[in-house]
Amino acid sequence: NENVGYVAAGTLGMVKTIDTGTNWYPINDGLPAAGRDARAVILHVAKPESVFCALYGGGVFLGGPKAALNDTIRWAAMNDGLADLRVRALARVRGGTFLVAGTEAGIERWANGGWTLVAPGVIANALVIDAADSSLVYAATEGGVYRSTNQGLSWAPSSTGLPSVAVNDVAKRGDGPPVLYAATRGQGVWESVNGGANWRKFGPD
């Protein structure tokens, strides 16, 4: 439904529109009053009535309609095993077999109903799962770009050529070869044409 949208609205929590953004209303039933700093939202593509959100201080939640044909949302925590509730970023693989979260403890991975800390101390600002090959997962971190080649189970630096600064965001181009873009903190945007193995400056200086 192109009329429906969600925003992780920081300390306002989660908000929703059903009229293409003309009006917005809060959908915070089930979210904690304390720690309601919404940082990420993911729509379940196959079941668009279901939504995931990440709170800095509250953890990860799954939301669904309160009743059939109801536009309001009720949230339920999915924080079993989560080492740190201060969640900065969230990504979910198509099909839902795993999620990855960036927390202040490091990168954590959800599968089979619980979380595991898989990259302690790696502080992720953004996470991307390759839509064409879900074994590949990328993280923009305070220490550069990190990459996983086994669905987020283990991680290694992937920053050759990048300046030694934090990376705020990472994105993968959807078409053709494995082209990635990294938004660095104060050093512009960088490009990798080989899946993060090497990076070069992108665009004008």
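Strands β9 (residues 99-103) and β10 (residues 106-111) run antiparallel and are joined by five bridges. In this predicted model, the two strands belong to an open sheet of four strands, ordered β8-β9-β10-β11 with antiparallel pairing. The structure also holds one aromatic pair, and a charged side-chain end sits over the ring of Tyr 56.

**Sheet β8-β9-β10-β11**

- The open sheet has four strands in the order β8-β9-β10-β11, and their pairing is antiparallel.
- From one strand to the next, the twist averages 25 degrees.

**Aromatic pair**

- A pair of aromatic rings is described by the distance of the centres and the angle of the planes.
- Tyr 181 and Phe 202 form an edge-to-face pair, with 5.0 Å centre to centre and 65 degrees between the planes; the angle counts as edge-to-face because it is over 60 degrees.
- The pair links distant parts of the chain, 21 residues apart: Tyr 181 lies in strand β17 (residues 180-184), and Phe 202 in the segment after β19 (200-201).
- Tyr 181 counts as buried because its relative accessibility is 18%, under the 20% limit.
- Phe 202, with a relative accessible area of 39%, is partly exposed.

**Charge over a ring**

- Arg 39 places its charged end over the ring of Tyr 56, 4.3 Å from the ring centre.

Notes
Residues numbered from 1 in each chain as written. Predicted model: local features only at pLDDT ≥ 70, side-chain atom pairs only at ≥ 80, totals over all residues. Heavy atoms only, no water. Pairing = 2+ DSSP bridges. Axes fitted to C-alpha atoms, helices over the stretch in contact; angles between N-to-C directions. Phe/Tyr/Trp six-rings, centres within 6.5 Å; stacked < 30°, edge-to-face > 60°. Buried < 20%, exposed > 50% of the residue type's maximum accessible area, 1.4 Å probe, protein only. Lys NZ or Arg CZ within 6 Å of the ring centre and 35° of its normal.
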